[in-house]
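Here are a few friendly notes to read alongside the model. Please keep the 3D view open and find each residue as you go.

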Amino acid sequence: MPSADGPLGRTEADRLFAPLAGFRRLAVAVSGGADSTALALLLAEWSARRPGAEPPVVLTVDHGLRAESGIEALAVLRFADRLSLPARSLVWRGDKPAANLQDAARRARYRLLLAAAIRAGCDGLVTAHTLDDQAETLLLNLARGSGVHGLAAMPSVRRLGPVALLRPLLSVPKRRLVATLETRGLDWIEDPSNRSERFARVRVRGLLASAGAFGLSPERLALTAEHMAAAAGALDTATSAVLADALIHPGGFARIARAALASAPDIVRLRALGSLIRHAGGAGPGPRAERLQALGASIAAGTALTRRTLGGALIRPDGDDLWFLRETGRSDRSPVPLVPAVGVLWDGRFAVGTSDGPGLPLTVGDLGRADAKRLVAARDLGLPAFALDAVPAIRRGESLVGVPAFGMAEVPDVTVVALPPGLSELVAAAPGDPDSAAILAAVLADAARPARRSDPFPAAVGPNVTIPSSERTSEVRSTWLSPVHDLF
């Protein structure tokens, strides 16, 4: 039985890392702090015990926010060398924002780490989040008034396109990782920002230090997060049932019967609305809670609804249905040129790319109402033209040559992939960045593979949206193979 305060041993490490064995190659994020240093050590030893396993790639980020950051990154590289692990230092370049610096730094850090993992051929990125981090996250989300999913804190796995973000140490207290290093006589770096009361997480950490007297230990809070995660899973199942007969189209729009939402329990209705709005609205902060609740209450009460915008989506009543469409009036909808073998982000929602070949130059932009009407009439899609306004369309000059969401193309080497929210937010924060380009290229290459490998965490990683198997959906999907040149 391992000690509650002692170092992690081989048997326990093997149990914690066992779920990672299904990945081709792992990258590990190392800041030089005690948690990530211990993780790199244990992961290197675990990898060495597995015949034929690739050694993990150590990635460290020099954020440039402190004068010492470059020296600390060098120390991490030296530590990786001692462990005989390949390592890379990643530098956050460019101007740093004066406002919301921590949030911008987090996005930049994950963008750098994800792109580096992709370049190294890794399909898993391991981080050293601990039981203490889980407890702190729960309290931070509680202070923000988060619901069930926020109080579930951090999942052990989250898919970010072709790479999974992995947190195998969420059940391990930080003190045990410190003990692991002390037992080995190893040092680590103390980041002074971890003691600065300017940051909310540091203040929460101080609260936790005194809350144990009331039974609010990190262990108890992490257990609460585990229970909330189970509740969140049940809520997701109920939400999927509500969405089962909805049309959630890869072109970025959705339709659902108002009655399906009205009959759902309040919390399930709000979850379903949030999912539909996120699907249509794309990357961004999402709908404000009070406005989402007001919409949900109106639907439940049977109140007459008018068009409204929420979270980047336009919600349009149409008889007994509600349509969720992209709000187009507040963003630049100018066509974006496609560059061979380089992915672009379109509308903050779609990765778009084309390989080298004839037919260039091409652009991606909105389909627009005129072409949407012609498409609907020519193909008898059973959809209103307004639903297709903001669907990504490929043009050569003024000529429409592709609507990939419906599988229609004169240029078959153009790929369009709807990005999940977490990934789109990382890329949208720096759309022209080389790391963003690497992420988009990997997403497009992953989508182009005829058969993707099975996910080692099938139960933990669910899709953000589903394409239900209703009769109308089947009709729409059957048109995806039609060529564009005989549309009109």
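1. A salt bridge here is a side-chain nitrogen of Lys or Arg within 4 Å of a carboxyl oxygen of Asp or Glu. Arginine 66 and glutamate 72 make one, with their closest N and O atoms 2.8 Å apart. Both partners are buried (under 20% relative accessible area, with exposed meaning over 50% and partly exposed in between, for a 1.4 Å probe and protein chains only): arginine 66 has 17% and glutamate 72 has 14%.

2. A word on the source: this is a predicted model, in which local features need pLDDT of at least 70, side-chain atom pairs count only at pLDDT 80 or more, and totals for chains, interfaces and linings use all residues. Residues are numbered from 1 along each chain as its sequence is written, and side-chain values use heavy atoms, leaving out hydrogens and water.

3. How many salt bridges does a search of the whole structure find? The search gives 25. In one of them, aspartate 123 meets arginine 24 at 3.8 Å, N to O. Aspartate 123 sits in the loop between helix H4 and strand S4, and arginine 24 in the loop between helix H1 and strand S1, so the pair ties together parts 99 residues apart in sequence. Helices (H or I, at least four residues) and strands (E, at least two) are DSSP runs, numbered from the N terminus.

4. Now look at aspartate 389 and arginine 369, whose closest N and O atoms are 2.7 Å apart in a salt bridge. Aspartate 389 lies in the loop between helix H13 and strand S16, while arginine 369 belongs to helix H13, 20 residues apart. Aspartate 389 is partly exposed at 21%, and so is arginine 369 at 36%. Elsewhere, shared partners join Arg326, Arg333, Asp347, Arg349 and Asp366 into one salt-bridge network.

5. Next, a sheet. Three strands form an open sheet in the order S13-S14-S19, with antiparallel pairing; strands pair if DSSP finds at least two bridges between them. S13 and S19 are the edge strands, each pairing on one side only. S14 and S19 pair over five bridges, and threonine 354 stands opposite valine 414 in S19.
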